[in-house]
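Please read these points with the model open beside you.

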Amino acid sequence: MSGEEAVRALEQHPWVRADSIAISPSYLSWIWNGDQPEGLRRISGSANFIDLSAGAVRRVSIPSRYRLGDIYAALGVPDHAAFVLRGFSGPRWNREVSATVSTLWTYEALGLQIWATGACPLTAPALWNLPVVFYAPPLPTADTAPLPPPNYAVWMC
């Protein structure tokens with residue numbers, strides 16, 4: 001799909017406030033008009049984006065109020081899952097750095113990826129309550145990874 005087609009689709013979409021569409025050579029962004037599902041209500045500091053490359057849609061990202069546990073309950077085990085631990089602390093650097101754990105889930109048949117990030121220490125209940133960002137289409141995943149057990153993030157950070 002071209003960027004121009006994406007703009008037309010956004011302008012005609014019943015959930016998009018047409019006068020909010022921002023257009024640049026590398027991305028499009030927009031604001032919902034209030035008719036979207038509750039889980040897509042605007043989150044402070046986040047925006048909906050369509051990344052463009054050479055005038056074509058590369059990827060769509062939509063922040064949400066849906067929780068990781070909601071996605072798991074609705075869609076089940078993802079086809080691919082990755083967990084990333086960022087930040088550390090230790091005597092080598094003589095400072096503390098806050099750490100976060102992020103998870104990226106891919107649902108191949110839906111052409112969808114889910115991203116969620118939380119600060120450590122992250123308990124299992126806190127992991128399942130992280131808000132997610134939807135991405136489509138999914139970026140390629142190098143390896144297939146099984147979903148870790150629910151307490152995985154607890155011993156990661």
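1. Strand E4 gives the lining of the largest pocket its largest share, 4 residues. Helix H1 (3-12), E4 and E10 each contribute at least two residues to that lining. Helices (H or I, at least four residues) and strands (E, at least two) are DSSP runs, numbered from the N terminus.

2. This is a predicted model, in which local features need pLDDT of at least 70, side-chain atom pairs count only at pLDDT 80 or more, and totals for chains, interfaces and linings use all residues. Residues are numbered from 1 along each chain as its sequence is written, and side-chain values use heavy atoms, with hydrogens and water left out.

3. The largest pocket holds about 340 Å³ of space. Of the 20 residues lining the largest pocket, His13, Trp30, Trp32, Val60 and Ile62 are the closest to its centre. A pocket here is an open set of points on a 1 Å grid over the protein atoms alone, where a 1.4 Å probe fits, with protein on both sides within 12 Å along at least five of seven lines; lining residues have an atom within 4 Å of a point. The volume is the space filled by probe spheres set on the points, which are joined across faces, edges and corners.

4. The lining of the largest pocket divides into 19 nonpolar residues, 1 polar and no charged. Ala, Val, Leu, Ile, Met, Phe, Trp, Tyr, Cys and Pro count as nonpolar, Asp, Glu, Lys and Arg as charged, and the others, Gly among them, as polar.

5. Ile62 lies in strand E4 (residues 56-67). Is Ile62 buried or exposed? Ile62 counts as buried because its relative accessibility is 18%, and buried means under 20% relative accessible area, exposed over 50%, partly exposed in between (1.4 Å probe, protein chains only). Leaving out residues up to four places away in sequence, Ile62 touches Trp30, Trp32, Leu40, Asn48, Val132, Val133 and Phe134; contact means heavy atoms within 4.5 Å.

6. Strands E8 (residues 100-107) and E9 (residues 112-119) run antiparallel and are joined by 8 bridges. Two strands pair if DSSP finds at least two bridges between them. Tyr107 stands opposite Leu112 in E9. The hairpin of E8 and E9 has 4 residues between the strands, and Gly111 takes a positive phi near 60° there. E9 also pairs with strand E10 (residues 131-136) in the antiparallel sense, over 3 bridges, with Gln113 opposite Tyr135 in E10.

7. For the protein chain as a whole, the count is 4 helices and 10 strands. Of its 157 residues, 34% count as buried.
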